[in-house]
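This report describes one protein chain, from its overall make-up down to single residues. Please look at the sequence and the structure before reading on.

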Amino acid sequence: MEAVFFRFLARELTGVLAGGRVEKVFAPAPNVLTLALYLPLGRDIPGLAAGKKTLYLHARYGTGRFFLFLSPLKTVQPERAPAAAMRLRKHLGGRRIAGVLPDWPRRRLTLVVAGDGPSLLLDPRSFPQLVAAPAAPAGEDDPAWPPLEAVLGDPDVWQAHPQLSPSLRRRLAGLSPELAAQAYARLCAPEAEGFFVEYAGGAPEAVWPLRWPTRQGPGRDVREFPSALAAAAAFGEPLAFGEVAGRENAPQAAAETARARRLSRALARLDADQARMRAYIARRAEADLLAAHLHGLDKQAKIADLSLPGPEGDPVTLRLDPSLSVVGNMRKLYDLAAKGERGLTAIARRREDLQGGKKDLEGREHGARKPASARPLPGPLADIAANRYRTTDGFLVLRGKNAKAGEQLLRKASPFDLWLHVADGPGAHVILRRDHPRREVPRKSLLQAAGLAALASFASGAGAAEVMVGRVADVRPIKGAPAGKVAVTALVETVRVDVDPRLEEMLRQQA
């Protein structure tokens with residue numbers, strides 16, 4: 001998240017957070033902090049929340065991509081809060097936010113807390129700090145903007161003008177002079193052109209206060225949002241919720257993107273190896289030239305270069321290894337040519353294997369997978385008695401082995417995970433895991449998860465079944481009722497699926 005976008009995000013946060021109360025402080029993952037904020041009058045945020053009184057401010061600090069955003073959802077929390085989070089709770093819990101002081105060029109935000117006691121400084125470089133007597137940063141509301149020529153000509157311009165980061169400078173340098181001047185003028189303007197999130201392979205890559213003139217390519221997309229808060233949430237939610245949930249929960253699409261990058265690097269290495277092998281083969285002509293004139297040369301001489309008449313009569317200078325004799329150099333060149341021919345054969349076979357998917361990127365044959373029983377459930381679900389499955393799109397699906405396990409899944413799953421249960425009768429609770437609230441579930445994966453719910457229900461012997469689909473946030477166990485009994489406040493939909501006994505084994509093998 002660049003400072004040029006943070007400028008407008010801080011402005012909107014100032015209007016939303018003032019008057020709110022800090023309810024609780026969480027540290028759900030390393031380098032991630034969450035503040036639960038109660039807003040007495042509720043807040044309407046275009047594209048994000050309407051009339052919500054409790055919102056969660058998520059921030060990342062330290063290494064990695066910085067994010068700061070508001071969301072109506074909180075991440076999964078550890079059973080015991082770290083000591084640093086408990087210290088912040090002690091000083092901030094129950095206190096009202098009197099105001100917000102932004103230092104947007106450095107992407108810092110101070111939450112000024114009413115009454116005696118420290119305020120909170122959010123800084124992307126370090127863990128949030130308790131600070132005393134905050135003051136507005138002098139002259140930072142309208143920092144100096146150097147001429148574009150100075151920006152493009154000075155790699156260290158960010159030291160004097162922190163809003164001009166190296167990545168922003170590279171982005172400007174990649175444009176034509178005319179387009180760079182237009183983009184820079186819009187960045188310097190006091191109002192945003194709009195709020196845009198750039199995506200690569202379905203994942204957010206950057207968030208900006210303008211639409212850049214060029215950023216095309218396969219798998220790339222740009223989406224506009226009605227407010228900086230909504231754009232920040234769209235950018236940050238996949239990062240924050242995905243990081244807290246862990247890589248184990250990420251759908252196959254993310255894994256395939258990483259695999260595509262590895263494949264591209266592996267093929268690039270093969271191209272380099274192929275060029276080297278062809279260079280070895282090309283040196284056979286030098287060996288042949290030495291062999292043709294060997295009778296007139298001192299075979300045991302050790303020299304660095306040698307000039308001989310070529311096939312057309314023109315002199316050809318050969319660069320030799322002075323540590324070897326003339327004969328030794330000739331043999332070495334023939335050996336290199338033979339090595340090049342063998343190498344080209346091996347490279348062609350390796351390229352065919354990689355492109356055909358016969359082997360993975362480490363060269364092992366597919367099929368030697370760890371058994372599903374050897375892989376524990378992710379994070380807070382680790383001790384629950386549940387079967388795990390993986391849809392053909394790569395989504396993790398969990399199904400409780402008994403009523404108690406199903407209720408535990410509901411209690412510990414993320415609120416944005418999907419819950420599935422057969423309609424109009426007893427059955428098992430099924431959870432389809434999502435790594436963040438905006439993750440779209442392909443229809444095929446949803447129907448496969450519904451099929452798993454139908455197979456563990458009273459309708460398992462029928463040809464088809466109706467299955468309810470809802471968000472975990474809208475499903476809660478009934479206090480005092482037998483284990484597994486739940487109340488559902490809202491459904492996403494009800495789907496009809498065929499009951500296929502083969503589905504369970506197929507999806508279990510993929511887990």
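The protein chain has 13 helices and 21 strands. The model is predicted. Of the 511 residues in the protein chain, 45% are buried. Among the contacts in the protein chain with a separation of 6 or more, 60% are accounted for by residues 24 or more positions apart.

**Aromatic pairs**

Rings of Phe, Tyr and Trp count as a pair if their centres lie within 6.5 Å. By this rule there are nine aromatic pairs. The rings of Phe5 and Phe195 have planes at 80 degrees, so this pair is edge-to-face; the centres are 6.2 Å apart. Phe5 belongs to helix H1 (residues 3-17) and Phe195 to strand E9 (residues 195-200), so that the pair links distant parts of the chain, 190 residues apart. Phe5 and Phe195 are both buried.

A tilted aromatic pair is formed by Phe6 and Phe66, with 6.0 Å from centre to centre and 55 degrees between the planes. Phe6 is in helix H1, while Phe66 is in the loop between strand E3 (49-60) and strand E4 (68-71), so the pair ties together parts that are 60 residues apart in sequence.

| Pair | Centre to centre | Angle between planes | Type |
|---|---|---|---|
| Phe5 and Phe195 | 6.2 Å | 80 degrees | edge-to-face |
| Phe6 and Phe66 | 6.0 Å | 55 degrees | tilted |

Phe5 and Phe195 also belong to one aromatic cluster, together with Phe8.

**A sheet of three strands**

Strand E9, which holds Phe195, is part of an open sheet of three strands in the order E10-E9-E11, with antiparallel pairing. Strand E10 (203-208) and strand E11 (220-225) stand at the edges of the sheet. Each of these two has a single partner strand, so one side of each is left without a neighbour in the sheet. From one strand to the next, the twist averages 25 degrees. In general, the strands of a sheet pair through backbone hydrogen bonds, and the pairing is either parallel or antiparallel. E9 and E11 run antiparallel and are joined by six bridges.

Which residue in E11 does Tyr199 stand opposite? The residue is Asp221. The ring of Tyr199 also has a charged group over it: the charged end of Arg223, 3.9 Å from the ring centre.

**Two residues of helix H8**

Gln274 lies in helix H8 (residues 252-282). Leaving aside neighbours within four places in sequence, Gln274 is in contact with Leu344, Ile347 and Arg351. Between the C-alpha atoms of Gln274 and Glu341 the separation is 10.0 Å, although these residues are 67 residues apart along the chain.

Ala275 also has its place in helix H8. Its relative accessibility is 47%, so Ala275 counts as partly exposed. The C-alpha atoms of Ala275 and Leu344 are separated by 9.3 Å, and the two residues are 69 residues apart along the chain.

Methods
Residues are numbered from 1 along each chain as its sequence is written. This is a predicted model: local features need pLDDT of at least 70, side-chain atom pairs count only at pLDDT 80 or more; totals for chains, interfaces and linings use all residues. Side-chain values use heavy atoms; hydrogens and water are left out. Rings of Phe, Tyr and Trp (its six-membered ring) pair if their centres lie within 6.5 Å; planes under 30 degrees apart count as stacked, over 60 as edge-to-face and the rest as tilted. Helices (H or I, at least four residues) and strands (E, at least two) are DSSP runs, numbered from the N terminus. Buried means under 20% relative accessible area, exposed over 50%, partly exposed in between (1.4 Å probe, protein chains only). A charge sits over a ring if NZ of Lys or CZ of Arg is within 6 Å of the ring centre and within 35 degrees of the ring normal. Contact means heavy atoms within 4.5 Å. Two strands pair if DSSP finds at least two bridges between them. Axes are lines fitted to C-alpha atoms, for helices over the stretch in contact, and angles run from 0 to 180 degrees between N-to-C directions.
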